[in-house]
Amino acid sequence: MNPPVWYRDDLEMPEEDEKETELKLADTLSNILQTTAEDGGHAIRSVHAKGHAWIRAEFEVLSDLPPELAQGLFASPGRHDALIRISTIPGDILGDSISVPRGFALKVLDVSGPRLDGSEAETTQDFIFVNGPAFGAVTAKDFLGNLKLLAKTTNRAEWAKKALSAVLRTAESALEAVGGESGTLKALGGAPNVHPLGQTYYSQTAFRYGAYVAKFAVVPVSASLTGHTEEEIDASGEPDAIRAAMNRDVGQAPMEWEFCVQLLRDEATMPVEDATVVWGEDMSPLIPVARIRAAPQAAWTAERAALDDSLRFSVWTGLAAHRPLGVMNRVRRDTYQMSSEFRARFNGCPVHEPATADLPA
């Protein structure tokens with residue numbers, strides 16, 4: 001196995017008109033936010049709008065990690081309170097029969113060390129994951145095009161979205177049968193309607209890992225999670241079937257995930273800028289550096305749902321040792337901040353970092 005590549009500034013190569021594209025992304029997200037806020041009388045996230053669970057957890061950094069893995073947050077063993085939000089990707093609240101990719105957002109509390117710009121006053125570290133290893137766009141312009149497609153489906157009749165989702169699932173299954181996959185089809189509603197607890201989640205994009213560079217993954221390991229890996233949720237006639245399944249299954253037994261690191265070991269086959277390229281595990285395996293544990297609990301209640309207004313997740317909230325890398329992370333920084341500020345203004349509810357991981361029952 002190759003040794004890990006040391007971090008260098010020139011691993012990133014900004015696009016020539018990246019800032020202009022970023023402004024167009026912000027405008028598209030703003031249109032989604034405005035549409036959904038006016039339609040529902042309440043501002044929701046421009047992406048990952050529909051939450052399915054808030055879970056209180058413990059994040060344990062493993063002991064005796066080798067030097068290449070004992071970096072940043074993971075330099076010293078220890079336990080941290082944490083919060084998990086499980087969601088689906090689109091920027092409007094859809095019935096669960098419209099199947100789209102799942103999101104897993106993790107907020108680790110009481111983290112110390114030099115901070116990212118704009119995050120200096122905080123003590124949290126955010127990680128954001130999706131249940132697929134590859135991002136759906138190569139360039140910022142590609143991302144903008146995908147986002148515009150999603151924007152066109154916002155606030156459309158739900159019966160049409162259900163029909164579109166069924167067609168896209170069929171198309172995606174046909175692609176996968178011949179060894180292909182389309183991130184765009186999945187984002188628009190072609191993803192299998194999988195149970196969120198059984199999924200492996202990926203950061204998709206690269207980050208600094210102290211002196212090195214890495215991608216991250218969250219892998220279910222307890223039987224209470226892996227038992228749902230092949231499970232699909234039947235949401236016919238039940239718009240919130242996933243929330244019901246999460247309330248039932250999160251309350252059944254303790255849950256445990258591995259937090260894994262995949263170090264950059266070959267610049268040619270593991271690019272930082274192109275997040276559509278899956279880093280091969282034969283070249284660099286996923287290595288556990290922490291455990292996430294959660295006791296049985298409620299997953300979605302009216303009180304926990306209220307957290308959607310007051311809390312946010314951003315890969316730019318955290319330690320300088322884990323600075324987000326690559327074009328998709330760069331263009332999402334200010335656009336996602338804009339989304340958070342819009343929600344705070346419209347709803348009259350300040351968005352803040354939590355002081356504790358205590359969740360309402």
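**Note on rings, cores and a pocket**

1. In Arg-333, the charged end sits over the ring of Trp-316, at 4.6 Å from the ring's centre. The model is a predicted one. A second case of this kind involves Lys-107, whose charged end sits over the ring of Phe-313, 4.9 Å from its centre.

2. Next, the aromatic rings. A pair of them is described by how far apart the centres are and by the angle between the planes. The structure has 18 aromatic pairs. In one of them, Phe-135 and Phe-143, the ring centres are 5.3 Å apart and the planes meet at 70°; an angle over 60 degrees counts as edge-to-face, so this pair is edge-to-face. Both Phe-135 and Phe-143 are buried.

3. Ring pairs also join a set of residues into a cluster, including Phe-59, Phe-74, Phe-127, Tyr-209, Trp-257 and Phe-259.

4. Which residues of the largest nonpolar core touch the most other members? They are Phe-59, Phe-74, Leu-106, Trp-257 and Phe-259, out of 48 residues in that core. Leaving aside residues up to four places away in sequence, Leu-106 touches, among others, Ala-82, Ile-84, Asp-126, Ile-292 and Phe-313. Another core lies apart from the largest one; it has 15 residues, among them Val-47, Ala-137, Met-328 and Tyr-336.

5. The second largest pocket holds about 310 Å³ of space. It is lined by 17 residues, and those closest to its centre are Gly-118, Arg-312, Ser-314, Thr-317 and Gln-337. By class, the lining has seven charged, seven polar and three nonpolar residues.

Key: Residues are numbered from 1 along each chain as its sequence is written. This is a predicted model: local features need pLDDT of at least 70, side-chain atom pairs count only at pLDDT 80 or more; totals for chains, interfaces and linings use all residues. Side-chain values use heavy atoms; hydrogens and water are left out. On a 1 Å grid over the protein atoms alone, a cavity is a set of points where a 1.4 Å probe fits but cannot get out, and a pocket is an open set with protein on both sides within 12 Å along at least five of seven lines; lining residues have an atom within 4 Å of a point. Grid points are joined across faces, edges and corners, and a volume is the space filled by probe spheres set on the points. Ala, Val, Leu, Ile, Met, Phe, Trp, Tyr, Cys and Pro count as nonpolar, Asp, Glu, Lys and Arg as charged, and the others, Gly among them, as polar. Rings of Phe, Tyr and Trp (its six-membered ring) pair if their centres lie within 6.5 Å; planes under 30 degrees apart count as stacked, over 60 as edge-to-face and the rest as tilted. Buried means under 20% relative accessible area, exposed over 50%, partly exposed in between (1.4 Å probe, protein chains only). A charge sits over a ring if NZ of Lys or CZ of Arg is within 6 Å of the ring centre and within 35 degrees of the ring normal. A nonpolar core is a set of buried Ala, Val, Leu, Ile, Met, Phe, Trp, Tyr and Cys residues joined through side-chain atoms within 4.5 Å. Contact means heavy atoms within 4.5 Å.
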